[in-house]
Amino acid sequence: MQPLDLYEHKIISDPEFPVQLHINDISSKRQYFSPHWHEHIELHYVREGKTLLRLNQREIWAEKGNLVIANSNELHAGYCDGSHMEVLVMIFEMEAFSKELADKNVIFQPLIKKDEVIDDIMSEIYREYSSQRIGYRLVCKGELLRLIAHLVREYTVEFLTERESDRRKKQLERLNLVLDYIQSNYTRQIGNGELADVLHLSEDRFNHLFKESMGMAPLQYINEVRIKKAMNLLKKKEGTVAEIADSVGFSDYNHFGRQFRRYYGCAPSEILKR
C-alpha cells in the first residue's frame with residue numbers, strides 16, 4: 001500500500017509566470033481534492049454555486065463571489081454538495097512575488113465576502129485565462145500582484161515568527177505517521193488510544209491535535225477512509241454491498257449505508273446498479 005503523505009511538493013518552474021492556475025467545474029457530490037498542505041498560498045474564488053472548504057479545524061461554506069484563502073502550511077480539502085459549482089484556483093509562493101512579505105510569514109483572513117476590488121481582479125484573470133490570448137500570462141501576473149497588495153493591506157490577520165511557522169509545519173508532518181497507520185489498519189477497529197500511541201501522546205492531547213489539524217474527530221476520518229475505499233470496490237463490483245462493507249471495516253451494515261448516503265448522497269446499492 002502506498003504511504004499517505006499530506007504534504008504536496010509543488011514545483012512551479014516558470015519564473016515568468018510562477019502561478020498554478022486552474023478551474024474546478026464540478027456537479028457531483030464528492031470530495032474533489034483530498035486534505036493536503038504545502039508552503040504555497042492557495043486561493044479559491046467561487047464563480048458559480050457554492051463549495052465547502054475545510055481549512056484545518058474550520059469548515060467554510062463559500063458562495064458565488066467569495067474568496068477562500070488557504071495560507072502556507074495549512075491543511076485544506078474541498079467538497080461539492082452535488083449542485084453545480086465553478087471555482088477559480090490560484091496557487092503561488094509569496095517569495096516569487098515579494099521576498100519582504102514572504103519573510104513576514106503573512107497569514108490572511110480565510111474567508112472574504114463582497115469585495116468589489118477582488119471581484120474585478122478575479123473577473124479579469126478568468127477572462128484572460130479562458131481566452132489565453134497572447135500576453136495573457138502578463139495580465140494575470142499583474143492582476144495577481146494587485147490582488148496580493150490589496151489582501152496585505154485589507155485582510156492580514158497576523159505575521160508569524162519563524163518559530164511559529166516551523167511549529168505549524170512540524171505538526172502537519174507528525175500527522176503523516178497517524179494517517180499512514182490508519183491506511184494500513186482501517187479494515188479493523190482502531191481506537192483513539194492506539195492512534196495516540198503512534199505519536200507517543202496522551203489520548204486527550206492526541207484528540208486535540210488531530211481535530212485541530214484535520215477539522216474532525218479521528219473516528220470520523222477513519223469512516224471517511226472506509227467509505228472512499230468502499231466506493232472504489234463498489235465501482236469495480238467486487239462483491240455484494242454487505243461483503244464490501246465488512247471488508248472495509250464496517251461491522252454494522254445499516255450504519256455503513258447511512259454513512260455512505262451522507263457522504264455520497266446515494267445508497268451503495270445504487271453504485272452497483274450503475
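## Two strands at one side of the sheet

Strand β6 (residues 67-70) and β10 run antiparallel and are joined by 2 bridges. Within this pairing, Val 68 has Leu 111 of β10 as its bridge partner. Strands here are DSSP runs of E with at least two residues, helices are runs of H or I with at least four residues, and both are numbered from the N terminus. Two strands count as paired if DSSP finds at least two bridges between them.

Before going on, please keep in mind that this is a predicted model, in which local features need pLDDT of at least 70, side-chain atom pairs count only at pLDDT 80 or more, and totals for chains, interfaces and linings use all residues. Residues are numbered from 1 along each chain as its sequence is written, and side-chain values use heavy atoms, with hydrogens and water left out.

## The whole sheet

The open sheet has 5 strands in the order β1-β8-β3-β6-β10, with antiparallel pairing. Because β1 (19-26) and β10 (111-112) each have a single partner strand, one side of each is left without a neighbour in the sheet.

## Helices on the sheet

Helix α2 (residues 116-131) packs on the sheet and touches β1, β3 (41-48), β6, β8 (85-92) and β10; contact means heavy atoms within 4.5 Å. Its direction makes about 90° with that of β8. Helix α3 (residues 136-155) lies across β1, β3, β6, β8 and β10, also at about 90° to β8. Axes are lines fitted to C-alpha atoms, for helices over the stretch in contact, and angles run from 0 to 180 degrees between N-to-C directions.

## Where the helices meet

Helices α2 and α3 pack at about 160°, with axes 9 Å apart. Residues that meet include Ile 121 and Ile 125 in α2, and Leu 144 and Leu 147 in α3.
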